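Reader: I have a model open on my screen and would like to know what stands behind the labels. Could we go through them together?

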Amino acid sequence: MKKLILTVIAAMASMTLWAQDLSALYNEGAAAFGKKDFATAIAKFAEVVELGEDSEDAEELVDNAGKNLSICYLKMAVLNAKQQKFDEALDTCEKGIKVSKEHNKVQVNKFKSLIASICQAKGAAQLNAKEYEGAAETLKKGLECRPANVKLQSLLARCLCDSDHFVEGMELYEKVAKNDDPKYAADVEQAKKDMALYTNNQIAKMQAASDFDGMLSMAESMLAKNAESALGLNVRVQAYTGKKDFDKVIELASAAAEAQIDAEDKSQMYFLLGCAYNEKKMPEQAVAAFSKVNAGPNVQNAQQAIAGLKK
């Protein structure tokens, strides 16, 4: 009996020493955190979690260590990002999310926001270096965390257009251009400029090669994914104009004009509609269409056409 009691006492003493060891590790982690030595703090808190996670007696200590470990990962990821160690920062964020889901759920959203910011910085650097495949992968990762992030959308749209994925890039630009939140006004304006630039370049290449069927195919691809795509409707009217299919221009141009976001694009559709009516010897309808051209480079041409038709 005496031997059994001694064994129990020895076991209790061992448990007490083990708990003291965990507490010592925790305190070492807390001291390192106070000194902003996040690498050491992470190692100590992670050890507390690993050693004590199966013990009910250490539940509170482990939970506190897990919460602090989550915070340390976030601090370390921010530090890595500031030093432009983007891959390390992203890896640290992934570890932080895993820990946070167990011990500090409110941190998960912070990590996702940070991942989006890191991917924006890394993706922009890759894009500027013309590393299009890597940039696209990085920016898509950021959008997985923050699907509505306008900066990421714009960068990915530019990346896709620069890497000959014009249709996909335009889809993203259109999404940005429709954003009506005032805080994104500058991004919306830039998206519209980029859309015009890339579209004009793409169409100019096709027109120079008289590839109007290619233009039409491009437009149909856009419209297959979004039947209300303003750009798709615009390009389709231009394609039929190039093919001199004026009946189709007359059929489609008014709806295309109404779908346009930009005043110049809207006027362009009405100008092409006026030209189509003129080709079909329908002067009254041509004048009505030309009268709606009020922005862009075709205003003077439309006015001259009206004057000629009214003679």
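Predicted model: local features only at pLDDT ≥ 70, side-chain atom pairs only at ≥ 80, totals over all residues.

Reader: Thanks! Why is F246 called buried?

Author: Buried means under 20% relative accessible area, exposed means over 50%, and partly exposed is in between, with a 1.4 Å probe and protein chains only. F246 has 18% relative accessibility, so F246 counts as buried. F246 lies in helix α12, residues 246-259; helices here are DSSP runs of H or I with at least four residues, strands are runs of E with at least two, and both are numbered from the N terminus.

Reader: What does F246 touch?

Author: Contact means heavy atoms within 4.5 Å. Not counting residues up to four places away in sequence, F246 touches T241, A276, E279 and K280. As for L22, F246 is 224 residues from L22 in sequence and 82 Å from L22 in space, C-alpha to C-alpha.

Reader: Why does N298 count as buried, and where does N298 lie?

Author: The relative accessibility of N298 is 18%, so N298 counts as buried. N298 lies in the loop between α14 (283-290) and α15 (299-309). Leaving out residues up to four places away in sequence, N298 touches F271 and V293.

Reader: What makes T199 buried?

Author: A relative accessible area of 6% makes T199 buried. T199 lies in helix α9, and T199 touches F166, M170, L231 and V235, not counting residues up to four places away in sequence.

Reader: Which residues does F166 contact?

Author: Leaving aside neighbours within four places in sequence, the contacts of F166 are L160, C161, Y198, T199, Q202, M218, M222 and L231.

Reader: What makes a group of residues a nonpolar core?

Author: A nonpolar core is a set of buried Ala, Val, Leu, Ile, Met, Phe, Trp, Tyr and Cys residues joined through side-chain atoms within 4.5 Å. The largest such core has 59 residues, and F166, M170, Y173 and V237 have the most contacts inside it. Helix α7 (residues 150-162) gives the most to this core, with 8 residues. A second, separate core has 32 residues, including L25, L69, C93 and F111.

Reader: Why is α7 described as largely enclosed?

Author: Because 10 of the 13 residues of α7 are buried, α7 is largely enclosed by the rest of the structure. Among the buried ones are V150, L152, Q153 and S154, and the buried residues of α7 pack against α5 (106-128), α6 (132-145), α8 and α9.

Reader: How does the span of α7 compare with what is expected?

Author: The expected span is 1.5 Å times one less than the number of residues in the helix. From first C-alpha to last, α7 reaches 18 Å, close to the 18 Å expected.

Reader: What stands out about phi at D164 and S210?

Author: Most residues other than glycine have a negative phi. Phi of D164 is near 65°, a positive value in a residue other than glycine, and phi of S210 is near 50°, also positive.

Reader: Are these two residues buried or exposed?

Author: D164 has 70% relative accessibility, so D164 counts as exposed. S210 has 52%, so S210 counts as exposed. D164 lies in the loop between α7 and α8 (166-177), and S210 in the loop between α9 (185-208) and α10 (212-225).

Reader: What makes a space a pocket?

Author: On a 1 Å grid over the protein atoms alone, a pocket is an open set of points where a 1.4 Å probe fits, with protein on both sides within 12 Å along at least five of seven lines; lining residues have an atom within 4 Å of a point. The largest pocket is lined by 26 residues, with A196, N200, N234, D262 and D265 nearest its centre. The largest share of that lining, 10 residues, comes from α9.

Note on methods:
Residues numbered from 1 in each chain as written. Heavy atoms only, no water.
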